[in-house]
Amino acid sequence: MKIGPFFMDNIRLIVNEVVKKIKNSDNEMLESVRSEYFGKNGILTKILKSLSHYSIEDRKKIGFETNKAKAILESEIEKRKEDLKKALIVQKMEKEKLNCSSIFYFPFSKGSFHPIVQTMQDIVLAFKSLGFSVAEGPEIETDWYNFEALNIPKSHPVKDVQDTFYLDGMRSLLRTHTSPGQVRVMEKQDPPIKVIVPGRVYRNEASDASHSSTFHQIEGLRVDKNVTFLDLKVILTKFIHKFFCCGELDIRFRPSHFQFTEPSAEVDIQCFSCKGRGCKICKNSGWIEMLGCGMVHPNVLKCVNYDSELYTGYAFGIGVERIAMLRYKVDDIRLFYENDLRFLKQF
Ligand code: DAH
């Protein structure tokens with residue numbers, strides 16, 4: 001038997017037609033296409049079965065073209081099957097979409113951030129707008145980071161077991177301040193540094209109206225060439241004015257002592273309640289203590305292998321609870337931790 005002049009073209013035409021059909025088929029139709037072409041009596045099967053009637057040369061041509069057609073159609077059928085599967089999933093998902101609008105019918109009231117978190121976020125935002133980046137440190141610290149690297153020698157009274165919660169047989173401790181964050185940041189990067197480290201801190205002391213064994217601080221650190229005490233004054237004044245919106249109130253820097261800064265200072269703000277005349281809030285002094293600060297002690301810079309001849313820096317530590325108490329006129333720190341909704345709902 002000889003193949004007709006259009007035999008090959010016919011196979012290609014069939015393939016084109018069937019591909020179109022497959023693209024519009026559902027699963028059932030795909031099965032009937034499969035048996036129509038590849039089944040026992042399928043068109044392509046029949047052609048392959050009849051190969052023995054042709055010359056060797058024609059057999060090769062017909063075999064090649066028929067197998068190619070088979071491969072194309074099979075892959076098109078598989079593709080279509082996948083598409084149908086995906087479409088089914090999409091359809092299912094559309095149907096099962098969660099209707100969130102109904103949630104509002106439940107009698108749940110909206111929550112809000114805790115006043116300490118709100119205050120912390122606002123302080124962080126204020127410093128971010130002054131060009132500070134934000135870092136974090138661990139709450140479980142070693143003696144080295146919490147004390148020694150900060151120029152607090154082994155025998156210093158702040159390390160008294162009364163003040164510090166020690167863990168692991170004194171191998172580690174709950175950080176007593178966020179200042180170890182300074183050391184951790186400086187260890188990781190070279191100057192210039194302009195960073196704040198917010199976090200929770202712990203002291204082994206009994207609670208009263210102005211003390212709590214757990215509280216929050218925000219540490220600040222800037223190290224670069226030629227950083228001076230004036231830079232420190234400028235940045236803290238800007239922060240206080242920004243945060244309390246009180247451009248007209250005086251700020252004063254009072255000499256103080258911290259082991260990791262030299263010179264050290266405490267910053268007071270003129271009492272915003274009595275404008276300096278003296279009242280209950282400022283205990284008749286006219287001033288309210290805000291934070292501790294100073295120029296980073298050269299020993300601290302040396303501990304992290306900074307050249308203390310080349311670089312200088314300032315640091316500060318802000319007590320978040322103190323600021324929140326002033327801001328919201330809360331007179332007992334313990335109220336923040338009692339989780340009494342009557343109190344918390346006011347913020
Ligand atoms: N770490 C101090 C404290 O907990 C606060 C402090 C004071 C931090 C002065 C500083 C600083 O960075 O310069 O009492």
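Predicted model: local features only at pLDDT ≥ 70, side-chain atom pairs only at ≥ 80, totals over all residues.
Biologist: What lies 2.9 Å from a polar side-chain atom of glutamine 217?

Modeller: An oxygen atom of the ligand. That's a polar contact, meaning a pair of N or O atoms within 3.5 Å; within protein, one must be able to donate a hydrogen and the other to accept it, and residues adjacent in sequence count only if both atoms are side-chain atoms. Glutamine 182 also has a polar side-chain atom by a ligand oxygen, at 3.2 Å, and for glutamate 219 the figure is 2.6 Å. Of the 360 Å² of accessible area that the ligand has on its own, the protein covers 88% (Shrake-Rupley method, 1.4 Å probe; for residues, only the protein chains shown count as cover).

Biologist: Which elements give two or more residues to the shell around the ligand?

Modeller: Strands S6 (214-224), S9 (287-296) and S10 (312-319). Strands (E, at least two residues) and helices (H or I, at least four) are DSSP runs, numbered from the N terminus. Residues are numbered from 1 along each chain as its sequence is written, and side-chain values use heavy atoms, with hydrogens and water left out.

Biologist: Which residues come nearest to the ligand?

Modeller: "Near" asks for a heavy atom within 4 Å of the molecule or strand. There are 15 residues around the ligand, and His177, Ser179, Arg203, Gln217 and Glu219 come nearest. By class, that shell has 5 nonpolar, 8 polar and 2 charged residues. Here Ala, Val, Leu, Ile, Met, Phe, Trp, Tyr, Cys and Pro are nonpolar, Asp, Glu, Lys and Arg are charged, and the others, Gly among them, are polar.

Biologist: What is the order of the 7 strands in the open sheet?

Modeller: Two strands pair if DSSP finds at least two bridges between them. Here you get S1-S5-S6-S10-S9-S8-S7, with mixed pairing. S1 (133-134) and S7 (251-258) are the edge strands with a single partner each, so one side of each has no neighbour in the sheet. S1 pairs with S5 (residues 193-202) in the parallel sense over 2 bridges, and valine 134 faces isoleucine 196 in S5. Helix H7 (residues 180-188) lies across S5, S6 and S10, at about 140° to S5. Axes are lines fitted to C-alpha atoms, for helices over the stretch in contact (heavy atoms within 4.5 Å), and angles run from 0 to 180 degrees between N-to-C directions.

Biologist: What about the open sheet of 3 strands?

Modeller: The order is S2-S4-S3, with antiparallel pairing. S2 and S4 (residues 172-174) are joined by 2 bridges, and glutamate 141 stands opposite leucine 173 in S4.
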